[in-house]
Amino acid sequence: MDLFATLNTAMLGMYTQQTAISVVANNVSNANTPGYSRESPVIVQTPPMVLGTLTQAGMPMIFGTGAEVKDIQRIRDPFLDTQYRQSNSSLGFWNEVNTQFKYIEQLFNTTNSNGLNAYYSNFWSAAQQLATNPTNVANQEGFVQSAKALIDNVKSVYSSLEQMKTNYTSQIQTQVGNINSILKQIADLNVKIRESSVIGNTPNQLLDQRDLLLDQLSNLTDFTLTNMSGNQISINIGGTNVLSGQTYVPLNFQNVAGEPNAAFVTANNLPVTFTQGEMGALFNLRDKIIPQYETQLNSFALNLTDKVNTILEQSYDQNGNLGQPLFIVQNAAGQPTSLYRIMSSNPPSGNVYNSSAPVGNIFTNLPVSITLNVNGALININTSVDTLNSIVSKINSANVGIEASLSPRGNLVLRATSAINFDFMRTNSNGTTNPVSISESDNGVPGNALLDALGFQTNNNSIDFSSYSNNPDGLEVPAKNAAMSISVNPVLISNPSYVGTDFSPTFNGATGTVGPTGPQGNGGIEQIVALDSDSNPQSFSAYFSNLVSQLGIQGQNATAMYNNANSLVNQISQDRQQVSSVSINDELAQMILYQNAYTASAQVISTVNSMLQTLVSMVR
């Protein structure tokens, strides 16, 4: 190998080390650049030369020709990238849910003196005060005004929940635009990356930009990524392919006519489902969590309204007249309604049933054995033993979406619960119905002896729910946002003396009579107070206890899940940084290594130069 070949090898060495030092310099310059991946020169040997030598004639030897930088490689761990994005999607979800639960808890203010629980307590305290002295005008006014304050607060909380859903819908629309922007940028980068890859270059900067965009996208939604030829990628969100190479399908925000908070997202005219990330959280909050609490408010407001009204309307006021309802449910013209409650017409006004007496003693000619089929649950009744109270208990124990109770006179009241969307008719979105079925068989054959005796409207041995529309024994409420339709009766606001406080029946065996006994009568208001009895599992105190418990459990779970996701993201992020981030100390060590090699290569050149001068001098 001649001196000129050696000189070339040394020059390649200098150039290689110089290139490596340039890579180090770039790393140091981008030590704090978001999304930058540390680069490393891939140094390889250049092809060797096969030469003969003077000392070994006929036996050629292989000589190395130096080194070169074949590529500049990004240092990334694809597995950690995948783990990070999956965890980041979970963090995006729980961060939003955890934040919103704090707002929900503040909204209900269950332990605050200005919260819903406090207004409810004030109402019940006012009822107790009225029970102690029904003729006191201040007590009458306090009862009515506390009811107004409670309902106003319920409607305020409900309105705020509705506004939260509107805010989530607006956020969804905004984030759809952000996702589309990210997808477009990735599609543009895919083009540039492919063009660079085709000519043999490694587009590290472009790949870093794309990875940073993918990290941002993972916080908004979960997605599936697939590698394609030419370093391109495809992305699938919610079962829909939204990007393939340089082609992306924009997400569309779709409004629903008449349903502003039912908007959804499509791609290629197909609905896109979001389960993680901020988008998943927004849909979950809007479509599941908030409606859950709205349903509870509807349930509370409707129960309070109807149970209190039922007692007051069967009691007598200070003037000896039947009392006025405390609450009014206003149905909007042309808007769909739900059949929330039906009530048997017997006993009529002025008469009472002894709810503790066997029903066979109340009604004559009843068969001994009766079976009620209540929405699929069989309720067996022995008329010589079972009472109205026990029948109510059996219906409630069946847990079929129907709550039973008795009016002060002993009328059987049936209410649709949230399990059947507060609607005995179960009207669906198409307007068709699938009404609840309550039928009877007497001594094993179809009949309606008990249902008729109670005074229910029947048809073919079953309660005819359709006959309760515009019927005083039925209560129809708005199909949506029922709590917002409730207000306090303006008649009672103007004249609280119309509150029915007096209910003192007189029994003669299993039946009896009732009428006004005088202004001091408090049997009616005492029954309202009893609605909040701690021994009553359906009491309104139990409602608030369950609400506080549910809020606490769900809020704590959201916090715990957020903390777990945050810890996991931080750990994986640290692992990624250990692999991909720039360490100044490590780069300085590499720089010294390359500098020494550069200096050594330069020394070889200097030595070869000296040898060449010697050789030239000898020739001269």
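Is glutamine 232 buried or exposed? I looked this up in a predicted model, where local features need pLDDT of at least 70, side-chain atom pairs count only at pLDDT 80 or more, and totals for chains, interfaces and linings use all residues. Residues are numbered from 1 along each chain as its sequence is written, and side-chain values use heavy atoms, with hydrogens and water left out.

**Glutamine 232.** I find glutamine 232 buried, at 7% relative accessibility (buried is under 20% relative accessible area, exposed over 50%, partly exposed in between; 1.4 Å probe, protein chains only). Glutamine 232 lies in the loop between strand E5 (224–227) and strand E6 (233–237) (strands are DSSP runs of E, at least two residues; helices are runs of H or I, at least four; both are numbered from the N terminus). Beyond its neighbours within four places in sequence, I list contacts of glutamine 232 with Asn190, Arg194, Arg210, Thr226, Asn227, Gly245 and Gln246 (contact is heavy atoms within 4.5 Å).

**Cores.** I looked up the largest nonpolar core and found 93 residues (a core is a set of buried Ala, Val, Leu, Ile, Met, Phe, Trp, Tyr and Cys residues joined through side-chain atoms within 4.5 Å). Helix H4 (residues 137–198) gives the most to this core, 20 residues. Phe108 is among the residues with the most contacts inside the core. Leaving aside neighbours within four places in sequence, phenylalanine 108 has contacts that include Val157, Leu161, Tyr293 and Leu551. I also noted a second, separate core of 38 residues, with Ile370 and Phe456 among them.

**Isoleucine 584.** I place isoleucine 584 in helix H13. Isoleucine 584 is partly exposed, with a relative accessible area of 39%.
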